[in-house]
Amino acid sequence: MSAPHFVGLIWAQTTAGVIGDAGSIPWHVPEDMAHFKSKTAEHPVIMGRKTWDSLPAKFRPLPGRRNIVVTRNSSWTADGAENAPSVADAVALVGESPVWIMGGGEIYRSAMDIATHLEVTEVDLDVEGDTKAPEIPDGWVATAGEWQSSRVDGTRFRWVEYGKP
Ligand SMILES: CCc1nc(N)nc(N)c1OCCCOc1ncccc1N1CCC(C(F)(F)F)CC1
């Protein structure tokens, strides 16, 4: 089984790097949900158990693809999900490319070394949060899109893609 050559991390953050608060996302930008959906559709996703628990029931599992949940609890099970004890084991389980790693904070940090692509939504908000985006090490090159305004309340957001040359 070949190791996947496209391992993407995908997250949404405030400009200050907040990605979550008390187990949920403290904003509502439907354009980002659509972006997340279109980027990850049909591809396997890897997430931590807390992110799995944070998914609204109708999205659990994310439809149409393998959902792999990283948990140290080897007896953890859920309909529509497979479990793996670490990000590396989850990526090995998948074997195909691309695979999208969709959170949360702890999982992003442990996946950074094997990531080949970062797909970040920057939301121009100043909100408190208990979970932060991972530090992006030197060597990654960012390509930022134009700022857009959300149709719901005008919140500004942009896509920033990071690659490794
Ligand atoms: C969207 C939020 C999001 N944005 C980016 N850019 N990267 C992510 N890693 C991410 O967090 C995905 C897990 C949390 O997701 C949700 N948390 C609360 C409410 C809704 C959701 N979504 C809505 C879309 C749905 C679909 F299946 F349509 F994709 C999946 C569940």
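# Ligand surroundings and selected backbone sites

E42 is found in the loop between helix α1 and strand β3, the latter spanning residues 45-48; helices (H or I, at least four residues) and strands (E, at least two) are DSSP runs, numbered from the N terminus. The structure is a predicted model, in which local features need pLDDT of at least 70 and side-chain atom pairs count only at pLDDT 80 or more, while totals for chains, interfaces and linings use all residues. Residues are numbered from 1 along each chain as its sequence is written, and side-chain values use heavy atoms, with hydrogens and water left out.

## Residues with positive phi

E42 has a positive phi of about 65°, although this residue is not a glycine. E42 is classed as exposed because its relative accessible area is 64%; the term exposed applies over 50% relative accessible area, buried under 20%, and partly exposed in between, with a 1.4 Å probe and protein chains only. A22 is another residue that has a positive phi, about 50°, without being a glycine. The position of A22 is in the loop between β2 (18-20) and α1. With a relative accessible area of 65%, A22 is also exposed.

## The ligand and its shell

The ligand is surrounded by 15 residues, and the closest of them are I10, D32, F36, M102 and Y108; a residue is near a molecule if one of its heavy atoms lies within 4 Å of it.

The greatest contribution is that of α1, with four residues. By residue type, the shell divides into twelve nonpolar, one polar and two charged residues. In this grouping Ala, Val, Leu, Ile, Met, Phe, Trp, Tyr, Cys and Pro count as nonpolar, Asp, Glu, Lys and Arg as charged, and the others, Gly among them, as polar.

## Cis peptide bonds

The peptide bond from S97 to P98 is cis, and its omega is near -10°. P98 is located in the loop between α3 (87-94) and β6 (99-101). A cis peptide bond also joins G103 and G104, where omega is about 0°. G104 belongs to the loop between β6 and α4 (105-111).

## Buried and exposed sites, and separations

Three further residues illustrate both classes of accessibility. S150 occupies the loop between β10 (148-149) and β11 (156-163), and S150 is buried because its relative accessible area is 4%. G48 belongs to strand β3 and, at 7% relative accessibility, counts as buried. I25 lies in the loop between β2 and α1; with a relative accessible area of 53%, I25 is exposed.

| Residue pair | Sequence separation | C-alpha to C-alpha distance |
|---|---|---|
| S150 and V99 | 51 residues | 28 Å |
| G48 and A92 | 44 residues | 16 Å |
| I25 and M112 | 87 residues | 21 Å |
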